[in-house]
Amino acid sequence: MKGRCTCGEVSFELKAAPMFVHCCHCTWCQRETGTAFALNALIENANVEVSGETEVHTLPSASGGGQIVHRCPTCKVALWSHYSNPKMAFVRVGTLDDAAKVAPDVHIYTTTKLPWVNIEGGAPIFEAYYKPRELWSAEAQARYKALLD
């Protein structure tokens, strides 16, 4: 899958399928995206081939651990973030050329979901976070474990 910022200065290609896709309804994601939720595809940095240079910003997060956001230096679109594991990118699904092909695997932090958002499609729904070992495929768990080695 390919993606890019709005102006096209930074483009990228995902060299593997995402490990998992979060639809996060927390108020932090709402504020940072300016919309109802963030849709993030989790993938190893090594599987993101980038063309162009990103601008890196460190932002606070509800966990207190912060996040590192990569943006286009010209149009400022957020392309991906890194949270607790700097070897894994949370790619903003909306920056993918064919974002319609990427549906959420889970909805998280739904206690702060905006009341007019209706969740359909059958993905599990959690009031807070979830246990990856219970939802991620064996392949996704193995890929994540490889990042820790």
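A: A disulfide is a pair of cysteine sulfur atoms within 2.5 Å. The model is a predicted one, in which local features need pLDDT of at least 70 and side-chain atom pairs count only at pLDDT 80 or more, while totals for chains, interfaces and linings use all residues. Residues are numbered from 1 along each chain as its sequence is written, and side-chain values use heavy atoms, with hydrogens and water left out.

Q: How many disulfides does the structure hold, then?
A: The structure holds zero disulfides. C7, for instance, is in none, and the nearest cysteine sulfur, in C72, lies 3.6 Å away.

Q: Are C7 and C75 buried, exposed or in between?
A: Buried means under 20% relative accessible area, exposed means over 50%, and partly exposed lies in between (1.4 Å probe, protein chains only). C7 is partly exposed because its relative accessibility is 42%. C75 is also partly exposed, with a relative accessible area of 26%.

Q: New topic: what is the order of the strands in the seven-stranded sheet?
A: Strands (E, at least two residues) and helices (H or I, at least four residues) are DSSP runs, numbered from the N terminus. Two strands pair if DSSP finds at least two bridges between them. The seven strands form an open sheet in the order β6-β7-β8-β9-β4-β3-β10, and their pairing is mixed. β6 (55–59) and β10 (106–108) each have a single partner strand, so one side of each is left without a neighbour in the sheet.

Q: In which sense do β3 and β10 pair?
A: β3 (residues 20–24) and β10 pair in the parallel sense, over three bridges. Within this pair, H22 stands opposite V106.

Q: What about β9; which strands pair with it?
A: β4 (residues 38–44) pairs with β9 in the antiparallel sense over five bridges, and R92 in β9 is the bridge partner of N40. β8 and β9 are joined by a hairpin through five residues.

Q: Why is β9 largely enclosed?
A: Five of the five residues of β9 (residues 88–92) are buried, so the rest of the structure largely encloses this strand. In a regular strand the side chains alternate between the two faces of the sheet. Both faces of β9 are covered, with M88, F90 and R92 buried on one side and A89 and V91 on the other.

Q: Which residues have the most contacts inside the largest nonpolar core?
A: A nonpolar core is a set of buried Ala, Val, Leu, Ile, Met, Phe, Trp, Tyr and Cys residues joined through side-chain atoms within 4.5 Å. The largest has 16 residues, and those with the most contacts inside it are F12, L14, V91 and L96. At least two residues of this core come from each of β2 (11–14), β4, β8 and β9. A second, separate core has 15 residues, including F20, C24, M88 and A140.

Q: What is the arrangement of the three-stranded sheet?
A: The three strands form an open sheet in the order β1-β2-β5, with antiparallel pairing. β1 (2–4) and β5 (48–51) are the edge strands, each pairing on one side only. Four bridges join β2 to β5, and E13 stands opposite E49 in β5.

Q: Where are E13 and E49 found among the salt bridges?
A: A salt bridge places a side-chain nitrogen of Lys or Arg within 4 Å of a carboxyl oxygen of Asp or Glu. E13, K15 and E49 are linked in a network of salt bridges. The structure holds eight salt bridges.

Q: Which helix holds E139 and R143?
A: Both lie in α3 (residues 138–148), four residues apart, about one turn of the helix. E139 counts as exposed at 53% relative accessibility, whereas R143 counts as buried at 14%.

Q: And what is the N to O distance between K101 and D98?
A: The side chains of K101 and D98 meet in a salt bridge at 3.3 Å, N to O. K101 is exposed at 66% relative accessibility, and D98 is partly exposed at 34%.
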